[in-house]
Amino acid sequence: MSEMFSMTDVTVCYDNVEAVRNVSLSVDEGQIVTVIGPNGAGKTTLLMAAIGLLGSRGRMAFRGSDLGKMSVEDRVERRLCLVPEKRELFSDMSVADNLLLGSYSLRDRSGVQKTLDEVYDRFPRLKERQRQAAGTLSGGERQMLALGRALMARPALLMLDEPSLGLAPLIVREIFRTIASLRDLGVSILLVEQNARAALETADYGYVLETGEIVQSGPAKDLIHDPRLITAYLGGH
Amino acid sequence: MTSDIAAILAIDGIATGAVYALVAIGTVLIFTVTRVIFIPFGDIAAFTALTLAALDAKRFPGTGALVVALACLATLVEIISLVRNGDIRLLPRALLFYLAIPLAVVGIAWLVMRMDPPLAVRLVLALMLITPIAPLLDRIVFRPIADGTVLLLLTVSVALHFALVGLGLLFFGPEGVRTEPLTSFSTEFAGVLISGQTMLIVLAALVFSGLLYLFFDFTLVGKSLRATAVNRTGSRLMGIRPARAGTIAYLLGSLMAGVSGILIAPVNTVFYDSGFLIGLKAFVGAIVGGMTSYPGAAIGAVGVGILESFASFQSSALKDVIVFSLLIPILLWRSLASLHSEEEIEE
């Protein structure tokens, strides 16, 4: 598999404090890569830098082109998409409008309706609530909308920040099933999660981020059996 | 006061309020998309009236020179910004949007004016000449400080208003103007005479508000502007560029202010510095709507117009005092209401 996205020695600072230090990671075409770690390890910061919302030092490349000083909007036009932890939905606007705006960056508008139908097939609840304001949805429905809105942009690399945060276990399972099924569409995924077990069960490859640095990495099926990770993140045994 | 006089004052107030409503809607549009309280909108309205008066008098208006000067300055600022960021590849696009299009607008207006065009064409020319001003000012003044606080943006906006008043004197001169009425039609309704100009003002306010509603609800660009107003980070993650959304908002807002300038010009004598009161009264209307609601701003602006009309009947000298005194209870009510909602959120 060829490399799609890479970060090399990326450092991100808030004022003078280094929140992420010399992080290197890569995502191959069609691969699901997860970054796990405790609260405050710098996982969200890493994704914010990857999409360009935060400035960073080091090198970032996507399909061979340097992301460097590229703006958020230019990255989105190259089909990098972030579903942020706070979802960032347009709460006063309808579900349908939120989804439509997901396709804003697409120059070729001919397939938008087809993609919308696919999103509604994937999340029938969104179709039922298409006229409802996004701000009135439940937590699980909001996450579905955030995912659906990102899919409307036909992403090449989808970055997901804590998709299971604050959701009921049943909904978490549904969300992870959806994430796994996106691989079949050819979407590469960079998944940042505190729910390490669910993330490693879904991913192909994993990185462990602690206090801003990558401390361990490897195929997800190996990490899930790693004794240190079992003790630290996977609930013992 | 008899009921006849009250009816006349109410109709007059609604017409004035409709003009304020157009400016108020533009003010809300710019504020929600860019966080700038664009005080110079009143100046844009006044400049439109002065531009139309110059065109009526077969003189090329000072607006042309103003647009050319702003276009050159905006192009310079954009080129410096592109060079600093290493985005030289965007240079042709910058030259097109900040230099070629504004110069083409001025050139077309100059050529058409020489053909002694009818009133309808002169109206279009006046609007064409006025609409590039606010987007160019945005590029020169507000874009470099776009991430500043609302207070900083407001302070700069007030300063910009005073700069524009000075430029207004330079480009238009100190004389006041009153353009010819757009229609001489009038009719009597329930014993009260209503002029065609009054009906036109209210109709134009309704039509432009309606068009704006359709634009926001049925076009992707309109929805992208609403999205930017609701959630700036979220909209950036969809690929919506805040700067571009801001430019569209300034263009639309200028158009609204321009239309209000055209409508008010036959009713009031307009000077280079008349815009401040128009803008400020529209701002009071926008505050009634909490600076975020379009219907609220429109209703507030019409309320200001009616209050002003009755106030000028009671005491012409105190009419502005009465209108602006309205701000105090509204701001008190607004601050109490927002305090209440914050408490609710904390709970």
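**Exercise 1. In chain A, where is confidence lowest, and where is it highest?**

Solution. Start with the ground rules: this is a predicted model, where local features need pLDDT of at least 70 and side-chain atom pairs count only at pLDDT 80 or more, while totals for chains, interfaces and linings use all residues. Residues are numbered from 1 along each chain as its sequence is written, and chains are lettered from A and ligands numbered from 1 in the order in which they are written.

- Step 1: pLDDT is the predictor's confidence in each residue, from 0 to 100. For chain A the mean is 91, and 98% of its residues reach 70 or more.
- Step 2: Go element by element. The lowest confidence in chain A is in helix α10 (residues 227-232), with a mean of 82, and the highest is in helix α3 (residues 95-102), at 97.

**Exercise 2. Describe the make-up and size of each chain.**

Solution. 

- Step 1: Helices (H or I, at least four residues) and strands (E, at least two) are DSSP runs, numbered from the N terminus. Chain A has ten helices and ten strands.
- Step 2: Chain A has a radius of gyration (taken over C-alpha atoms) of 17 Å, close to the 18 Å that the globule rule (2.2 Å times the number of residues to the power 0.38) gives for 237 residues, so chain A is as compact as a globular protein of that length. Its C-alpha atoms fill a box of roughly 45 × 45 × 35 Å along the principal axes.
- Step 3: Now chain B, with 15 helices and two strands. Here the radius of gyration is 21 Å, close to the 20 Å from the globule rule for 347 residues, so chain B is also as compact as a globular protein of that length. Along its principal axes, the C-alpha trace of chain B spans about 70 × 65 × 35 Å.

**Exercise 3. Work out the strand order of the open four-stranded sheet in chain A.**

Solution. 

- Step 1: Two strands pair if DSSP finds at least two bridges between them. Strand β1 (residues 3-14) of chain A and β2(A) run antiparallel and are joined by eight bridges; S6(A), for instance, has S26(A) in β2(A) as its bridge partner.
- Step 2: The edges are β2 (17-28) and β5 (65-66) of chain A, each pairing on one side only.

**Exercise 4. Find the hairpin in chain B.**

Solution. 

- Step 1: Strands β1 (residues 186-189) and β2 (residues 192-195) of chain B run antiparallel, joined by four bridges. S186(B) has S195(B) as its bridge partner in β2(B).
- Step 2: Look at the turn: two residues sit between the strands, and A190(B) takes a positive phi near 50 degrees.

**Exercise 5. How do α1(B) and α11(B) cross?**

Solution. 

- Step 1: Axes are lines fitted to C-alpha atoms, for helices over the stretch in contact, and angles run from 0 to 180 degrees between N-to-C directions. The axes of α1 (residues 3-34) and α11 (residues 242-264) of chain B come within 8 Å and cross at roughly 170 degrees.
- Step 2: That makes α1(B) roughly antiparallel to α11(B), since angles under 35 degrees count as roughly parallel, over 145 as roughly antiparallel, 65 to 115 as roughly perpendicular and the rest as oblique.
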